[in-house]
Amino acid sequence: MNPDLSRPRPAGGEEHPLLLPFAERELPAGRHQFHKERLMAQIHEDLRAADVATPGTAPARGTGARNPFLRRAVFVPAAAFALAGVLAVGFLSYVDRGAADGPGSTVATGPALTTRIGTADPKGAPQLLDRISLASASASGPAVRADQFIYIGSKTANTYVKTEGDKSTLVSEQLHMRHQWNSPDGSKGWLIEPGNTGPEGVTLAGPDEKGNTPTPYLNAPTHNYLATLPTDPDALLRRIYQETVGMGTGPDQEAFTTIGDLLRGSHPPAELTVALYRAAAKIPGVVTVDEAVDAAGRSGIAVARLDENSGRREEWIFDRQSLAFLGERSVQVQGESGEQGLIKPGTVVYTTAIMTRTVVDRIKELPPTAR
């Protein structure tokens, strides 16, 4: 499976009183910690669903609902970040770090990750995605043996509203590395991420909190599962729409988010990667954005879609020359969101950069490019 704990909390979401502090999750072998992480994830997913979905339309967990680890809606409480020493003492912005947006590009106010909002073009997406699909076909990685592991190393950060009592503030995480290993069948895995796991990480193997062996599905796939998906773009898109009915803020936005999750959080076979890009070109409302910067400060061009319910634009960022996938970010581009409207246009709610994606022979093995 592909747990991803680095996710932005829902707009206006408060820290949940049932969530346990990080220190209480430091238990032997990481198993109890893993179960509690999943419980926290479910709580925050429920909060997110209640915030954006029409009552009665959200699917029940276990009936096709998205794995909460896979979406950008999962957070460990701010106290956990503080205890782990991960939350920035001085809040950082892209301008402060000298990123490609350059001086004077900050739009939002407050201690948040901010950016210049790129210009969207509704006409260029099909052509760009066709070029990207051709580039991805010629850059396929090695096959994965059953005894190997898929490693994904990424940089990530989030901006969210933190509420204590009657006071709400906008908080940005410190940019940090995330290391994840998964076996092709999903039976073995490991995650190391400051603030979300202990220093040694947490196992991703074994049964879920109910003692059941997880069954892979579209929103919680294994590498082997991905190999079973159709590689015809039309058939693939139909399946995505069918399996995400009632999820998210609308079928088109949910389909776009699902494809983005697969491109970022997994290592799809080359044929499926091509199909995912070509399927995305068929989703209404997909646009190109002339300028976007990933979490590593790399500037590129983006394929994006605006969620009109939240005013946030989800952007997939690509290198201008090679068209390689660099990362993804979510930017508030219309209106204000969050408690007291603290998330202003230009706020980067979530950002990630794929630094290394490869195959290794052993779990917790760091490839040279990740050291």
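This is a predicted model: local features need pLDDT of at least 70, side-chain atom pairs count only at pLDDT 80 or more; totals for chains, interfaces and linings use all residues.
**Notebook: salt bridges and a helix pair**

I started with Arg 362, which is exposed, with a relative accessible area of 53%. My cut-offs, with a 1.4 Å probe and protein chains only, are under 20% for buried, over 50% for exposed, and partly exposed in between. I number residues from 1 along each chain as its sequence is written, and side-chain values use heavy atoms, with hydrogens and water left out.

**Salt bridges**

Next I checked what Arg 362 pairs with: its side chain meets that of Glu 365 in a salt bridge, 3.7 Å from N to O. I call it a salt bridge when a side-chain nitrogen of Lys or Arg is within 4 Å of a carboxyl oxygen of Asp or Glu. The structure holds 16 salt bridges.

I looked up Arg 239 and Glu 243 too, and their side chains form a salt bridge at 2.9 Å, N to O. Why are they about one helical turn apart? Because they sit four residues apart in helix α5 (residues 233-243). I take helices (H or I, at least four residues) and strands (E, at least two) as DSSP runs, numbered from the N terminus. Arg 239 is partly exposed at 25% relative accessible area, and Glu 243 is partly exposed at 30%.

Then came Arg 264 and Glu 328, whose closest N and O atoms are 2.5 Å apart in a salt bridge. Arg 264 is in helix α6 and Glu 328 in strand β10 (residues 325-332), so this pair ties together parts 64 residues apart in sequence. Are these two buried or exposed? Both Arg 264 and Glu 328 are buried.

**Helices α6 and α7**

I stayed with α6 (residues 251-265) and saw that its axis comes within 10 Å of the axis of α7 (residues 270-280), crossing at roughly 150°. The two helices are therefore roughly antiparallel, a label I use for angles over 145 degrees.

Which residues meet here? On α6 I noted Ile 259, Leu 262 and Leu 263, and on α7 Thr 273, Leu 276, Tyr 277, Ala 279 and Ala 280. I count a contact when heavy atoms are within 4.5 Å. By class, I got seven nonpolar residues, one polar and no charged ones.

How values were computed. Axes are lines fitted to C-alpha atoms, for helices over the stretch in contact, and angles run from 0 to 180 degrees between N-to-C directions. Angles under 35 degrees count as roughly parallel, over 145 as roughly antiparallel, 65 to 115 as roughly perpendicular and the rest as oblique. Ala, Val, Leu, Ile, Met, Phe, Trp, Tyr, Cys and Pro count as nonpolar, Asp, Glu, Lys and Arg as charged, and the others, Gly among them, as polar.
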